[in-house]
Amino acid sequence: MQRLDRFLSEAGVESRRKIKEVIKSGRVCVNGAVVKSPEIKINEDHDKITLDGVQIHQSSRRVVLMMHKPAGCVTAAKDDRYPTVMQYLPSEYSKLMPIGRLDLETEGLLLFTNDGDLAHRLIMPKHQIEKTYYAEHLGTTTEEDVIAFRNGCELKDGTKCLPAILEPLGDGKSIVRVREGKYHQVRRMLASRGKPVSYLRRIAEGELTLGDLPIGKTRELTSEEILKLESVNFDEKFFV
């Protein structure tokens with residue numbers, strides 16, 4: 001049993017806020033009867049839920065999945081040389097698509113979804129959410145490195161990066177926060193400062209954190225977590 005508004009939200013009909021308006025307008029029926037209370041409990045396996053006469057099926061619900069990607073696999077549907085992240089998905093999630101990518105040797109937080117609009121929004125450069133990485137590297141990052149990241153690193157091939165945040169942790173360890181996704185960007189940024197990376201893990205996207213999710217495992221995001229992803233907007237204060 002779950003609330004009607006949550007069921008419709010997870011089915012990808014609308015955001016939770018807009019769904020309440022839709023329900024209160026009398027457009028939703030449960031087993032043929034108009035329902036105007038978003039809080040009503042429904043049995044998603046047995047009740048017939050319709051919106052403007054069209055049945056909403058549980059199979060059509062929106063899913064956003066978090067994976068703790070292991071090193072040694074690529075973010076691709078198939079690959080001739082390496083295992084792929086799809087091999088770590090439980091069978092019921094096999095049709096989900098990854099949102100963005102992590103390179104072969106990078107571990108950490110990787111999202112998957114069946115909502116193409118959400119995936120597109122999250123990878124658009126203007127709306128791309130802040131991504132946080134933990135890095136282990138040669139040498140120790142300095143205040144000069146922090147300033148270089150803040151000003152936008154220039155990579156060895158001349159590529160200019162957007163301003164980013166570098167937090168030295170001492171003893172060859174750092175936190176890096178970026179808002180763009182150039183090829184091997186974090187590795188290349190640190191290498192441009194003479195700090196080649198030996199280990200890299202994405203630990204957060206926006207307010208989402210990897211937490212204690214074991215390597216190679218997955219979990220579904222809650223509807224509240226999905227709504228936080230949807231509400232992320234470009235924030236120029238990040239670069240100040």
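Why does Thr209 count as partly exposed? Its relative accessibility is 48%, so Thr209 falls in that class. The scale runs from buried (under 20% relative accessible area) through partly exposed to exposed (over 50%), with a 1.4 Å probe and protein chains only.

This is a predicted model, where local features need pLDDT of at least 70, side-chain atom pairs count only at pLDDT 80 or more, and totals for chains, interfaces and linings use all residues. Residues are numbered from 1 along each chain as its sequence is written, and side-chain values use heavy atoms, with hydrogens and water left out.

Thr209 is found in strand E14 (residues 208-209). Helices (H or I, at least four residues) and strands (E, at least two) are DSSP runs, numbered from the N terminus. Leaving aside residues up to four places away in sequence, Thr209 touches Met66, Leu109, Ile203 and Ala204. Contact here means heavy atoms within 4.5 Å. Lys131 lies 78 residues from Thr209 along the chain, and their C-alpha atoms are separated by 9.9 Å.

Turn now to helix H5 (residues 185-192). Its buried residues are Gln185, Val186, Arg187, Met189 and Leu190. What do the buried residues of H5 pack against? They meet strand E10 (131-137), helix H4 (143-151), strand E11 (165-168), strand E12 (173-178) and strand E13 (197-205). After H5 comes Gly194, with a positive phi near 75 degrees.
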